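This briefing is intended for a reader who has the coordinates at hand. Please consult the display below alongside the text.

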Protein chains: 2
Amino acid sequence: MKASTYPLLDAAEAAEMVLDRTPVLAVEQVTLADAPGRVLAEDVIAPASLPPFPASAVDGYAVRAADAGGTLRVLGESAAGRPLAAFVGPGTAARILTGGVVPDGADCVVMIEDVRVDGEVVTVPDHLRAGTNFHAPGADVRAGEHVLARGTQLGPAELGLVASLGLARVAVHRRPSVALMSTGDELVEAGKAAGRGQIPDSNRWALLAALLEAGAVVRLLGIAPDQPEALRELVADALAEADVLVTSGGVSVGTHDLVKPLLESLGTVHIGRVKLKPGKPFTFATLSSLPPSGEGLGRVAEARLAFGLPGFPVSSLVTFEVFVRPALRKMQGFAKVQRPTLPVRLGYDARASADRTEYQRVTLRRDGQEFVAETTGSQSSSRLMSLAGAHALVRIPPGDQGIKAGEVVDAIILALP
Amino acid sequence: MKASTYPLLDAAEAAEMVLDRTPVLAVEQVTLADAPGRVLAEDVIAPASLPPFPASAVDGYAVRAADAGGTLRVLGESAAGRPLAAFVGPGTAARILTGGVVPDGADCVVMIEDVRVDGEVVTVPDHLRAGTNFHAPGADVRAGEHVLARGTQLGPAELGLVASLGLARVAVHRRPSVALMSTGDELVEAGKAAGRGQIPDSNRWALLAALLEAGAVVRLLGIAPDQPEALRELVADALAEADVLVTSGGVSVGTHDLVKPLLESLGTVHIGRVKLKPGKPFTFATLSSLPPSGEGLGRVAEARLAFGLPGFPVSSLVTFEVFVRPALRKMQGFAKVQRPTLPVRLGYDARASADRTEYQRVTLRRDGQEFVAETTGSQSSSRLMSLAGAHALVRIPPGDQGIKAGEVVDAIILALP
């Protein structure tokens with residue numbers, strides 16, 4: 001057993017190294033049903049104007065504003081999808097339903113509540129204004145308009161826009177496929193009896209939830225086998241179909257650690273230690289060549305990434321936030337890979353670590369127009385309770401200064417209260 | 001064609017009526033693999049302490065603090081999952097790896113970087129402090145501790161906690177199953193040629209994305225058939241397996257509207273119009289009795305809900321936000337059913353609607369320590385561009401006051417910038 005020979009890298013520099021080596025994944029065409037949550041790979045330009053015709057916003061009568069106060073002959077009805085083939089000339093009107101085409105000749109729509117109907121004639125109010133109660137062609141979107149930018153996630157309004165333009169498929173980036181594995185001789189499956197010195201594997205489930213939230217497709221590899229050969233085979237097989245390998249545990253310097261030697265044998269380890277608390281043993285490698293069993297699958301040879309996360313639960317989730325989540329978002333083409341931040345007032349004295357950037361977990365509480373950040377208690381790397389229910393992460397720079405209660409800092413928002 | 005006979009309800013009152021009639025769905029046990037994003041139906045109490053044994057936080061040597069400065073005989077190694085059956089008495093030490101059990105007798109761990117090793121003896125520093133570099137039993141969670149509350153969503157840390165307690169299954173509420181249908185004679189499928197007066201159906205895709213984000217399981221029913229009998233059969237069949245029916249379009253007062261009569265025939269329509277802009281024709285019904293084809297499925301007879309959303313795209317998404325999303329979250333057992341709010345400074349004069357609460361769509365921009373809300377432009381009910389990329393909704397009370405630029409209001413946050 002000896003101390004690690006990997007250089008201790010600055011946390012921000014390490015995060016940049018990871019993103020620099022992260023590819024944006026290939027583009028695929030998906031149907032609208034498969035598109036929710038995906039990220040546009042191309043700008044969306046409107047092929048035509050919306051609405052394509054003057055569409056009534058209400059139920060009522062399409063008339064000429066010049067006929068205000070008149071009693072008008074009703075020519076027929078223009079319902080949604082059933083336009084009326086008639087011209088609304090002086091002294092005439094067309095019954096119209098919401099979404100119906102405003103017939104040629106008419107320049108406004110009068111609401112049903114505002115007219116008096118008597119058989120086949122209708123009396124309209126004394127004051128009418130042209131252009132009211134219908135959506136003019138191109139009022140919502142003009143033909144050729146730049147509607148959505150690549151890098152935009154397809155939420156409800158964005159997907160609705162794509163569909164309203166008549167597009168049945170949309171170009172998005174592939175979702176990253178991630179093989180997930182826990183390592184550690186102390187691990188047993190949750191639900192199985194744990195002997196002396198054993199604990200249930202929790203990182204796999206925590207990381208599964210984190211990966212799904214980040215948009216990944218996850219393949220669960222379970223707990224790593226003890227034997228280096230069996231482990232190497234399992235990982236090589238998984239990497240034939242995965243873009244990313246995520247492991248937890250087995251990256252500190254002990255004699256039984258398997259992950260760093262494995263990654264060294266499969267590719268290039270760029271990061272082996274970072275000045276980060278928690279998360280110092282974070283490991284990152286690129287695996288550039290496809291293993292033999294991956295040939296012939298027609299997969300574009302994009303760089304594959306391996307993240308060796310530390311074994312302590314909080315360390316594994318904090319390094320996921322700092323390094324893995326931004327990388328997974330870059331792979332999907334997100335314009336914005338980092339979480340949003342908000343200014344918050346510290347409600348406690350945050351002591352700094354001497355030589356590592358510390359990510360402290362806080363809850364947020366509204367106080368008038370601002371948020372006050374309170375610590376979630378002991379920030380031990382094994383204490384998941386410090387992260388459960390946390391609203392934000394506060395980054396404390398290394399040194400002997402810390403940040404005093406009352407100061408305002410930008411917090412990384414996990415979930416608003 | 002005549003004006004609606006449904007009373008115009010206050011928007012907040014209508015939202016309360018919906019939630020009052022929304023059931024919390026039944027409890028089911030799911031595996032950890034199926035648990036991400038689900039909502040706890042029961043409190044989680046720790047059956048045992050975590051860690052269950054004194055676990056080393058580092059690689060190094062487990063010693064007695066009283067032996068500071070000494071040269072100690074190494075008894076063997078305590079690795080993670082492989083405890084050392086030895087007692088660390090005076091003058092002795094145990095090699096220990098991260099996660100390993102601190103052997104009886106030892107009261108601190110010295111990091112590998114801080115010792116000098118010479119064969120089977122190790123020299124430790126002059127100053128040692130008992131209790132350092134290991135996690136004491138119960139330091140993370142005490143047996144019997146209230147760890148997570150019912151109503152909590154299982155995110156990464158929460159699911160990790162559940163697993164770390166050794167639980168292999170967890171009690172959560174069922175996800176709501178939602179049948180989704182668009183209505184309107186003007187609708188064609190996106191990708192198909194649209195004739196005069198026709199438009200592609202966009203609401204189904206926008207609502208699909210919104211429903212999935214809200215945690216629903218969605219069954220797509222397509223565009224409703226023209227004929228009342230065919231429509232009734234389709235809906236009755238779908239409701240045999242769905243908790244919720246969501247339709248868009250066909251709820252205003254025109255002669256071709258099908259949804260209100262359908263819902264009246266299947267159950268009780270509680271809401272037919274609301275003082276909401278956009279979204280006045282919003283319709284809500286409860287469907288209390290299972291249709292014939294739904295018998296014998298063993299489903300608990302929970303109340304089923306029907307939401308008739310307006311046909312204009314922005315109206316359908318705004319009424320989804322105001323009425324449907326909170327209901328779907330209540331069904332899943334969420335402690336918090338509403339979106340978070342943030343104080344924002346209005347960057348524009350928000351004019352009010354005379355008699356309806358208006359939900360205006362805004363983008364947010366950081367300005368020092370605060371957010372400034374800017375309008376997304378024309379707030380027409382058909383203009384999805386007013387909602388695409390919007391960060392928040394600002395609620396403008398009815399009347400002739402409006403809200404002036406510079407005033408601070410609480411905005412409903414859709415996505416932080």
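The model is predicted.

- Across the contact, α2(A) packs with helix α3 (residues 203-213) of chain B at an angle of about 160°, their axes being 7 Å apart.
- Because angles over 145 degrees count as roughly antiparallel, α2(A) and α3(B) are classed as roughly antiparallel to each other.
- The crossing of α2(A) and α3(B) is right-handed.
- From α2(A), the residues making this contact are Pro156(A), Ala157(A), Leu159(A), Gly160(A) and Ala163(A); α3(B) supplies Asn203(B), Trp205(B), Ala206(B), Leu207(B), Ala209(B) and Ala210(B).
- By class, nine residues of the contact of α2(A) with α3(B) are nonpolar, two are polar and none is charged.

**Helices α3 and α6 within chain A**

- The axes of α3(A) and α6(A) cross at roughly 20° and come within 10 Å.
- The two helices, α3(A) and α6(A), are therefore roughly parallel to each other.
- A right-handed crossing is found for α3(A) and α6(A).
- Asn203(A), Ala206(A), Leu207(A) and Ala210(A) of α3(A) meet Pro313(A), Ser316(A), Leu317(A) and Phe320(A) of α6(A).
- Six nonpolar and two polar residues, with no charged residue, make up the contact of α3(A) with α6(A).
- α6(A) also lies across strands β18 (244-248), β21 and β22 (304-309) of chain A, and runs at about 165° to β22(A).

**The six-stranded sheet of chain A**

- An open sheet of six strands has the order β17-β14-β18-β22-β21-β19 in chain A, with mixed pairing.
- Its edge strands are β17 (217-223) and β19 (268-271) of chain A, each of which pairs on one side only.
- From one strand to the next, the twist averages 20°.
- Val269(A) has Ala285(A) in β21(A) as its bridge partner.

**Pairings of strand β24 in chain A**

- Strand β20 (residues 273-277) of chain A runs parallel to strand β24 (residues 357-367) of chain A, and two bridges join them.
- Leu276(A) has Thr357(A) in β24(A) as its bridge partner.
- With strand β26 (residues 392-396) of chain A, β24(A) forms an antiparallel pair over five bridges.
- Glu358(A) is opposite Ile396(A) of β26(A).
- With strand β25 (residues 370-375) of chain A, β24(A) forms an antiparallel pair over six bridges.
- Arg365(A) is opposite Val372(A) of β25(A).
- The hairpin of β24(A) and β25(A) has two residues between the strands, and Gly368(A) there takes a positive phi near 65°.

Terms used: Residues numbered from 1 in each chain as written. Chains lettered and ligands numbered in written order. Predicted model: local features only at pLDDT ≥ 70, side-chain atom pairs only at ≥ 80, totals over all residues. Axes fitted to C-alpha atoms, helices over the stretch in contact; angles between N-to-C directions. Helix = DSSP H or I, 4+ residues; strand = E, 2+ residues; numbered from the N terminus. Parallel < 35°, antiparallel > 145°, perpendicular 65-115°, else oblique. Left-handed = near helix turned anticlockwise from the far one by under 90°. Contact = placed C-beta atoms within 7 Å. Nonpolar A, V, L, I, M, F, W, Y, C, P; charged D, E, K, R; others polar. Pairing = 2+ DSSP bridges.
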